[in-house]
Amino acid sequence: MSEPKEVEHEITISAPAAEVYRLIADVANWPRIFPPTIYVDHLERSGNEELIGIWATAGGQAKNWTSRRVLDPEGLRITFRQTVSTPPVASMGGTWIIEPLDAGTSRVRLLHDYTAVDDDPAGLAWIDEAVDRNSRSELAALRTNVELATASDELTFSFEDTVQVDGAAKDLYDFVNEADRWSERLPHVATVRLTEDTPGLQTLEMDTRAKDGSTHTTKSYRVCLDGRKIAYKQTTLPALMNLHTGYWTFRETDEGTFASSQHTVVLRPENIAKILGPQAGIAEAREYVRGALSTNSRATLNHAKAYAEARR
């Protein structure tokens, strides 16, 4: 096998270095700040070392892999190495380096080293393109989202809807997992296109009916986790949103069985007046978006509840 190829990308961000490091170090932030990232899960944690599972798009395809990270909060560095890679990647690693330029400005350097399976030139070219595109996208999004976060917390919000069910968590999970049947099971879903080339990693496109009878198309990537959780990231967004991620959870407790739908949204403020009228502001946009998402989530939860309870 040949020597790993090494590349570096960098960007300057108008935010303190410690704040930039914090956002990168906490992987729960990644679907919000990095466009390719669908979901990240902690598999192991010990001190400043951790093993994480990552689901993301690369070259227009959804992929998943595991990486081991070493955090250095004092040096503002994070090293990473894929432990299980997805072809055509044979090996992949690198380092995040955050350098303070002054009290409110940072330089972020992203280093990668990688090899292709069997040193295949076509595979290496695919990795070159994916790393370059994703690195540029990640750094630009990091700058945008860090600077947004320091400017206004009002644009980002999260909420959750929950129903209690007299049934099994597995049946609730199956109902949400089997989204290819939603056009039969959910009145607000007109058509569905679901692909799952890798078990547990789904691409979901659907046409949803609004109250006025119109339909709109959405596309999401979904990560389905062992009957307990389905996490997703929407990649085609309505005009009022810059970001929409979420997850469905299903749990059996001493108090009963519960199904929940969680959403995290970042608003697109420049479109608020155009969509909701000149008098509307961020508060009205938050209420409108929450109402629309919650209506569909609650409809799905209640149909899942009826499905699970009928199977008792």
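Q: Which residues of H7 are buried?

A: In this predicted model, local features need pLDDT of at least 70 and side-chain atom pairs count only at pLDDT 80 or more, while totals for chains, interfaces and linings use all residues. Residues are numbered from 1 along each chain as its sequence is written, and side-chain values use heavy atoms, with hydrogens and water left out. The buried residues of H7 are Ala285, Val289, Leu293, Ser294, Ser297, Thr300, Leu301, Ala304, Tyr307 and Ala308. Buried means under 20% relative accessible area, against over 50% for exposed and partly exposed in between (1.4 Å probe, protein chains only). An α-helix has 3.6 residues a turn, so residues three or four places apart point the same way.

Q: What covers the buried residues of H7?

A: The cover includes strands S8 (156-165), S13 (241-253) and S14 (256-267). Helices H4 (169-177), H5 (182-185) and H6 (272-276) also belong to it. Helices (H or I, at least four residues) and strands (E, at least two) are DSSP runs, numbered from the N terminus.

Q: How do you know that the span of helix H7 agrees with what its 29 residues should give?

A: The expected span is 1.5 Å times one less than the number of residues. For residues 282-310 this gives 42 Å, and the end C-alpha atoms are 42 Å apart, so the two agree.

Q: Why is Asp171 called buried?

A: Asp171 has a relative accessible area of 12%, which is under the 20% cut-off, and therefore counts as buried. Asp171 lies in helix H4. Leaving aside residues up to four places away in sequence, Asp171 touches Tyr307, Ala308 and Arg311, where contact means heavy atoms within 4.5 Å. Of these, Tyr307 and Ala308 are among the buried residues of H7.

Q: Why is Thr115 called buried?

A: The relative accessible area of Thr115 is 3%, under the 20% cut-off, so Thr115 is buried. Thr115 is placed in strand S7 (residues 105-116).

Q: What makes the protein as compact as a globular protein of its length?

A: The protein has seven helices and 14 strands. Its radius of gyration is 21 Å, close to the 20 Å that the globule rule gives for 312 residues, so the protein is as compact as a globular protein of that length. The radius is taken over C-alpha atoms, and the rule is 2.2 Å times the number of residues to the power 0.38. Of the 312 residues, 47% count as buried.
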